[in-house]
Amino acid sequence: MTKMNMIASLNSALRCQLEKDPNIVIFGEDIGYFGGVFRVTDGLQKDFGAHRVFDAPLAEGGIAAIAMGMSLNGLRPVAEIQFADYIFPAYDQIVNEIAKIRHRSGGEFSAPLTIRTPAGGGIKGGHHHSQSPESQFTHTPGLKVVYCSNPYNAKGLLTSAIESNDPVIFFEPKRCYRGPFYGDPHDVPTWNDHPDGEVPDEYYSIPLEQARIVREGEACTVIAWGTMVHVSEQAIKNSGIDCELIDLQTLLPWDRDTVVNSIKKTGRCVIVHEAPKTSGFGAEMSASIQERCFYHLEAPIRRVTGWDTPFPHTTEWDYMPSPERIEEAIKKTQEE
Amino acid sequence: MTDRKTLITSPYTLGAPPSRPGETTDFGGKWKEQPEDLGRPDPAKCSAQDTASHASGLIRVLNDKGEAKGEWNPKLKSETLIEGLEFMMRLRIFDDRMIKMQRTGKLSFYMRSLGEEAVAIAQTMALQEQDWIFPSYRQPGAQFVRGRSMVSMICHCIGNTEDNVKGRQMPVHYTWKEGRFISISSPVGTQFSQAVGVAMASAYKGDDEVCISWLGDGTSAQGDYHYALNFASTFKPPVILNVVNNQWAISTHRNLATGGRTFAERGLAYDIPSFRVDGNDFLALYSVTKWARDRAGAGLGPTHIEVYTYRTGPHSSSDDPSVYRPADEFASWPGGDPIERLKEHLINKGDWDDKKNAALEKKIDAEVMSAYKEACKFGDLASGPYPPASTIFTEVYETVPWHIQEQREELGK
C-alpha cells in the first residue's frame, strides 16, 4: 500500500497495464513527453517508449478514430480526451462507430478500447472545462460508462475498463484528482488522510457494473458518482440523518440491484449529479427506481443536480450541488 | 482545377456542375493526358514533392487505342488481366441482379458500382491477401477478388437468416472479417481515419500489412478525411488513402466539394505522395496501387490517390440523377467504360475475343442466377424469414447485460 492521490493511482493503473499487456498503447493530447496536463501519464513515455505512449495531433475526432482502428486490428488502446468538454468532435466516432461495430458487424469485429477523460466542475474552469457529459453516453447502446471517485476505485476501475472487451468511456472527476471535495472550496484536503488514498502498488481490479456502498444507513438512500460522492457524504454528516450512500461507479450498465435493495430498506431516495437535470442520468434512475420500488417509497425521489444552464465560471459554487442543497433534499424526504 | 464552373461569384462563390438536365456536357473529348506524360518515380526514394505533376496530371496506362504504354505499365500477364475482367463483369452482372431484386421488393435498397468496377477490383488485386480493406459503399468488388461467395453477399443484402450481420445493416453494408474487409458504415468518411489506426496497429505489431481505404469526392469535405491525412502524415503508417472522385455525391457536384486544384493535390500539403489516376483504366489503377503497396511495405508510409472517374449510375436505388444532371452525361465521359477498355486491350493483344467474352458472360450470368436462387432459400425481404428477433439484443456487448436481457424478455421472442 502506498499513499496516492488519484493522479498517481491512475498512473499506476496505466503502468500495470503497460507492463502486463504488450498490446496496450496510450495516446492523447500532451500526454507523451509532458505527461498530460493533469500529469496522469507522467513518466510513462520515458519508461515504456514513445511507440507505446505518445502525443496525438489536436483532433479529438481523429484520436477516437485512430483508437478504433487500432482496436479493430488487435491492440487495446487507451486514449485521453484532455477535457470531457472536448469530446464532442469525437462523438460521431464514439456513438456511431466505436459503440456499434460489434453489433453491426454481426460480432465479427469489436472495439475494445478505453477513452479516459477528466470531467466535472470545481476548478474554476468555466463552461468548457467543467461539464459532466455522462448522460450523452449512457444513451448509447454498446458503450460502458464509468465514473471513478477516489484513488482506490480509480485504479481498480480503470484496470477493468482497459481489460473490458467492450468500449468504455471513463470519467475522472478532476476536482478530486488531488484530494476529496466536501463542498467547501476553501477547504482543500489531500488524499493523504483519506482511507481510499491507500492504494496497492501492484495490479488489482474492481469489477465494472457494481456500485459501492460508501456508508450504510436506514433513513434515506443517497446515490451519487464522481465528486458528488464526497459532497453527499458531507451533506449526510451535516444532516445528522442516517443515510445510506451509494457510489454508482458504473453508470452503464448500472447496478440496479444494489440501488433497489437499498431503497427497499430506506424507502427514500436522493440522486445527486453535477450534470443538468433535464435528461440527466438521475432521470433514468428515478424512473427505473419507481418501476421497481413504488410500494416501498415513503416520499418522492428527489434529484439534486446542476441547473439546466451552461456551466458558469465565477459562480460555479451556486451551480454545483452543495452540501446544503443535498441536506435540504434529504430532510424533505424525511418530512413526507 | 481550372475547369471549375461556378453558379454565382457574388456575394460568395457557389460551385456548379458543368451542366444541368437539357444541357450538354462537354468534357473536352478524349483525355489530353497521355500514358507517356508521367514517369514512375522510385517508391523507395520518392518525396511528396516528386509527385506534384502526378497530382495535377492524370496517370494513364491504356491509351486511346487500347494499348498499354508508358512507365506505369504494370506489364501484367494476360491471365491476370482476364481474371480482373471476370471480376468486373461479375460485379456488373451481380449489381444488375440486385437492382432487379430491389425493384421486385426482395431487398430494400441497393447501390451499384456501375462505371467504377475497376476501382476496388484493380486496387485489391494489387494488394496482398493479408492487407486490410476499409471500404466505402462502392467498393464491394473487393470481395470478389478475395473470394467471398455471392450467396453470402446476397444473403447480407437481403438481411435474411443467413446474413452474417443478422439483418442489422442496410444492404451493401458488407462485413467480412475472413477477407479482412471491415464493415461499411453509412456516416460517410469515418472509415478513412479509422484506416490510419488499423495501419498504425500493423506497424506497431511489425506485421507486413497495409490498410487501404476509400471515400468519395463529396466526403472529402468531412473532418475525417483531414484527420486521416494529418495523422497519416505525422505517424506515416502503411496506409493507402483513396479519394474516388466520381464527380457526384448524390446531387452535389465535386465543384461544390472543393474550391479548386485537384483532390490529389491536397495530399501534397500533408507531405504525402499523391497521384491522380484514370479510374476507368484497370492497368493504371493497378500500377499506382502497387506503387503505394510497395512503398508502404518498405516502411515509407502513406500514399494518397485521387481516382478520377464518373458515377455512371444513380447514387442508389432511391435516386434519380436525371433530375439534376443530363441523363446521357456518362456517354461522353473521356474515361469510357472500364470493362470495355480492358476487354479492348485484351482483344488487341490477341488474348481475348468476343466469343470468349460472350461465353464468360453467360457463365457468370448462370452463376449469379444460381447464387440468387440459393440465397433466396434463406429468405427475402418480401416474404422472409428474417433473422430471429433475439438478434436485436445480442452482440451489443460481449455479454448481454441485465437491462437488455429484461427488454428481450419484454419483447418475448
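A residue counts as buried here if 20 or more other C-beta atoms lie within 10 Å of its own. With that in hand, welcome to a set of close-ups of a predicted model.

**Figure 1**
Let's start with E2(A), which spans residues 24-28. Five of its five residues are buried, so the strand is largely enclosed by the rest of the structure. A:Ile24, A:Ile26 and A:Gly28 point one way from E2(A), A:Val25 and A:Phe27 point the other way, and all are buried. E2(A) runs parallel to strand E4 of chain A (residues 76-80), and five bridges join the two. To find your place in that pairing, look for A:Val25, whose bridge partner in E4(A) is A:Pro77. E2(A) also pairs in the parallel sense with strand E3 of chain A (residues 53-55), over three bridges. Here A:Phe27 has A:Phe54 in E3(A) as its bridge partner.

**Figure 2. The five-stranded sheet of chain B.**
Moving to chain B, you can trace an open sheet of five strands in the order E3-E4-E5-E9-E8, with parallel pairing. Its edge strands are E3 (132-134) and E8 (274-278) of chain B, each of which pairs on one side only. On average, and with direction ignored, neighbouring strands of this sheet are turned by 20° against each other. E3(B) and E4(B) run parallel and are joined by three bridges. B:Ile133 has its bridge partner, B:Ile212, in E4(B). That residue, B:Ile212, also has a bridge partner in E5(B), namely B:Ile240. Strand E4 (residues 211-216) and E5 of chain B pair in the parallel sense over six bridges.

**Figure 3. Strand E5 of chain B from both faces.**
How many of the seven residues of E5(B) are buried? Seven of the seven are, so this strand, residues 239-245, is largely enclosed by the rest of the structure. If you follow the side chains along E5(B), B:Val239, B:Leu241, B:Val243 and B:Asn245 point one way. B:Ile240, B:Asn242 and B:Val244 point the other way, and they are buried too.

**Figure 4. Helices H6 and H7 of chain B against the sheet and each other.**
H6(B) lies across E3, E4 and E5 of chain B and runs at about 170° to E4(B). H7(B) packs on the sheet as well, touching E4, E5 and E9 (303-308) of chain B, and its direction makes about 150° with that of E5(B). Now compare the two helices: the axes of H6(B) (residues 190-205) and H7(B) (residues 223-235) come within 6 Å and cross at roughly 20°. Angles under 35 degrees count as roughly parallel, and H6(B) and H7(B) are therefore roughly parallel to each other. H6(B) passes H7(B) in a left-handed crossing. On the H6(B) side, the contact involves B:Thr190, B:Phe192, B:Ser193, B:Ala195, B:Val196 and B:Met200. These meet residues of H7(B) that include B:Tyr225, B:Ala228, B:Ala232 and B:Phe235. Ten of the contact residues are nonpolar, two are polar and one is charged.

**Figure 5. Where chain A meets chain B.**
Stepping back to the interface, chain A contributes 35 residues to the contact and chain B contributes 37. On the side of chain A that touches chain B, the elements giving two or more residues are H3, H4 (91-98) and H5 (101-104) of chain A. H3(A) gives the most, with nine residues. This side of chain A divides into 14 nonpolar, 14 polar and seven charged residues.

**Figure 6. Helix H3 of chain A crossing helix H7 of chain B.**
H7(B) also has a neighbour in the other chain: its axis and that of H3(A) (residues 60-72) come within 9 Å and cross at roughly 70°. The range from 65 to 115 degrees counts as roughly perpendicular, and H3(A) and H7(B) are therefore roughly perpendicular to each other. From H3(A), A:Gly61, A:Gly62, A:Ala65 and A:Ile66 meet B:Gly223, B:Asp224, B:Tyr227, B:Asn230 and B:Phe231 in H7(B). This contact is made up of four nonpolar, four polar and one charged residue.

**Figure 7. Helix H10 of chain B and its cover.**
Our last stop is H10(B), residues 338-348, whose buried residues are B:Pro338, B:Ile339, B:Arg341, B:Leu342, B:Lys343, B:His345 and B:Leu346. Their cover includes helices H2 (78-103), H3 (117-125), H9 (282-297) and H11 (354-376) of chain B. After H10(B) comes B:Gly350, whose phi is positive, near 85°.

Conventions
Residues are numbered from 1 along each chain as its sequence is written. Chains are lettered from A and ligands numbered from 1 in the order in which they are written. This is a predicted model: local features need pLDDT of at least 70, side-chain atom pairs count only at pLDDT 80 or more; totals for chains, interfaces and linings use all residues. Axes are lines fitted to C-alpha atoms, for helices over the stretch in contact, and angles run from 0 to 180 degrees between N-to-C directions. Helices (H or I, at least four residues) and strands (E, at least two) are DSSP runs, numbered from the N terminus. Angles under 35 degrees count as roughly parallel, over 145 as roughly antiparallel, 65 to 115 as roughly perpendicular and the rest as oblique. A crossing is left-handed if the near helix is turned anticlockwise from the far one by less than a right angle, and right-handed if clockwise. Two residues are in contact if their C-beta atoms, placed from the backbone, lie within 7 Å. Ala, Val, Leu, Ile, Met, Phe, Trp, Tyr, Cys and Pro count as nonpolar, Asp, Glu, Lys and Arg as charged, and the others, Gly among them, as polar. A residue is buried if 20 or more other C-beta atoms lie within 10 Å of its own, exposed if 12 or fewer, and partly exposed in between; C-beta atoms are placed from the backbone. Two strands pair if DSSP finds at least two bridges between them.
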